[in-house]
Amino acid sequence: MKRNMESTKKYLVDVKGLKTYFPIKRGLFSRVVGHVKAVDGVSFKIQAGKTLGLVGESGCGKTTVGRTILRLINATDGKVTFDGSDVFGLPSKEMRKLRCDMQLIFQDPYSSLNPRMTVANIVGESLTAHKMATGRQRRKKVAELLERVGLSPHHSSRYPHEFSGGQRQRIGIARALALDPKFIVCDEAVSALDVSIQSQIINLLQDLQDEMSLTYLFIAHDLAVVEHISDYVAVMYLGKIVEYTSSRELYKNPLHPYTRALMSAIPMPDPHRRQQRIVLGGEVPSPSNPPSGCPFHPRCPMAEQRCSVEMQELKQQGDGVEHIVACWKCKEWNT
């Protein structure tokens with residue numbers, strides 16, 4: 001029965017073995033002497049209408065994953081299938097059509113908006129580029145988009161510097177919605193905003209998802225925010241996914257030592273309730289020279305000899321809910 005239910009799920013995004021390496025060049029002739037392994041063998045699927053939260057420390061490769069999926073960065077290896085289409089195998093003309101269905105909300109609401117363009121031009125630029133609306137029709141579409149994200153149509157003649165950070169991010173969201181996409185990569189979409197504004201933007205994204213049946217890849221380092229918006233969560237460390245499960249299961253029963261350390265750093269809203277903080281030793285290794293075996297073993301309090309030699313593949317832990325972890329010692333850690 002479970003297999004039949006799995007087969008009926010529609011996965012809009014399917015990522016398999018994704019690798020994105022950046023060459024390190026030195027010398028007079030810019031010879032390649034190594035590679036920065038920003039993304040090193042990442043695989044996951046996202047159901048249509050659902051949200052996958054991608055979390056981890058800064059520099060772990062989250063943003064690179066999102067931009068590689070959108071083909072804004074060239075992949076070194078792997079495959080990305082979007083709604084049945086091979087993203088990396090499409091010619092430029094077909095990829096241009098597919099971009100209408102795949103959009104991006106940037107992290108910084110200040111640098112992501114052109115200060116010399118009015119809101120009408122920022123939001124409506126893609127409509128003109130894809131020849132979807134011009135003139136009066138474009139102005140009407142822009143006004144509808146601004147109202148949908150909580151702004152007034154009268155704001156269309158203003159410039160970005162006339163808005164607050166939260167309002168700027170709403171403009172960025174309106175721009176992403178202009179082409180009626182199916183899938184949006186939210187790249188740290190609320191990290192640059194005040195806490196009170198963060199909640200407003202999160203609620204807006206959830207309302208838009210319900211109204212438009214949107215699918216999100218929500219990239220963040222704030223686990224409290226991810227818990228609120230995500231259906232599933234993938235935890236990344238040094239270019240690899242080390243744990244994947246539903247949001248409810250992850251926050252109830254984190255298994256990987258790295259995930260548990262991240263969870264212990266979440267501030268508690270109750271001042272009378274204290275949580276033991278797990279402080280990791282050492283520094284995050286360089287992606288240009290990752291350690292052998294499990295990339296987390298130099299900082300892991302539960303590491304043993306085999307962890308430095310061989311990395312455990314992602315494996316299902318326990319029965320029932322899907323919960324896959326890449327750790328030799330997660331069972332002992334959890335007991």
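At what angle do helix H4 and helix H5 pack, and how far apart are their axes? In this predicted model, H4 (residues 119–129) and H5 (residues 135–148) pack at an angle of about 115 degrees, and their axes lie 10 Å apart.

**Helix packing**

- The crossing in which H4 passes H5 is right-handed.
- On the H4 side, the contact is made by Val119, Ala120, Asn121, Val123, Gly124, Glu125, Leu127 and Thr128; H5 contributes Arg138, Lys141, Val142, Leu145 and Leu146.
- By residue class, the contact of H4 with H5 comprises seven nonpolar, three polar and three charged residues.

**Nonpolar cores**

- The largest nonpolar core contains 57 residues, and Ile173, Leu177, Leu205 and Phe218 have the most contacts inside it.
- Helix H7 (residues 195–212) supplies the largest share of this core, six residues.
- Leaving aside residues up to four places away in sequence, Leu177 touches Leu145, Arg148, Val149, Ile184, Leu208, Met212 and Leu214. Among these, Leu145 also belongs to the H5 side of the contact with H4.
- A second, separate core has 32 residues, including Leu12, Leu18, Leu52 and Leu90.

**Helix H2**

- Helix H2 (residues 62–69) is mostly covered, with six of its eight residues buried.
- Those buried residues are Lys62, Thr64, Val65, Gly66, Thr68 and Ile69.
- After H2 comes Arg71, which has a positive phi near 65 degrees.

**Salt bridges**

- The whole structure holds ten salt bridges.
- Arg299 and Glu57 form a salt bridge at 3.3 Å, N to O. Arg299 lies in the loop between helix H10 and strand E11, whereas Glu57 lies in the loop between strand E3 and H2, so that 242 residues separate the partners. Arg299 counts as buried at 10% relative accessibility, while Glu57 is partly exposed at 26%.
- The side chains of Arg67 and Asp187 meet at 3.8 Å, N to O, in another salt bridge. Because Arg67 is in helix H2 and Asp187 in strand E7 (residues 183–187), the pair ties together parts 120 residues apart in sequence. Arg67 is partly exposed at 27% relative accessibility, and Asp187 is buried at 3%.
- Glu94 and Lys97 form a salt bridge with their closest N and O atoms 3.9 Å apart. These two residues of helix H3 (residues 92–98) are three residues apart, about one helical turn.

Definitions and conventions. Residues are numbered from 1 along each chain as its sequence is written. This is a predicted model: local features need pLDDT of at least 70, side-chain atom pairs count only at pLDDT 80 or more; totals for chains, interfaces and linings use all residues. Side-chain values use heavy atoms; hydrogens and water are left out. Axes are lines fitted to C-alpha atoms, for helices over the stretch in contact, and angles run from 0 to 180 degrees between N-to-C directions. Helices (H or I, at least four residues) and strands (E, at least two) are DSSP runs, numbered from the N terminus. A crossing is left-handed if the near helix is turned anticlockwise from the far one by less than a right angle, and right-handed if clockwise. Contact means heavy atoms within 4.5 Å. Ala, Val, Leu, Ile, Met, Phe, Trp, Tyr, Cys and Pro count as nonpolar, Asp, Glu, Lys and Arg as charged, and the others, Gly among them, as polar. A nonpolar core is a set of buried Ala, Val, Leu, Ile, Met, Phe, Trp, Tyr and Cys residues joined through side-chain atoms within 4.5 Å. Buried means under 20% relative accessible area, exposed over 50%, partly exposed in between (1.4 Å probe, protein chains only). A salt bridge is a side-chain nitrogen of Lys or Arg within 4 Å of a carboxyl oxygen of Asp or Glu.
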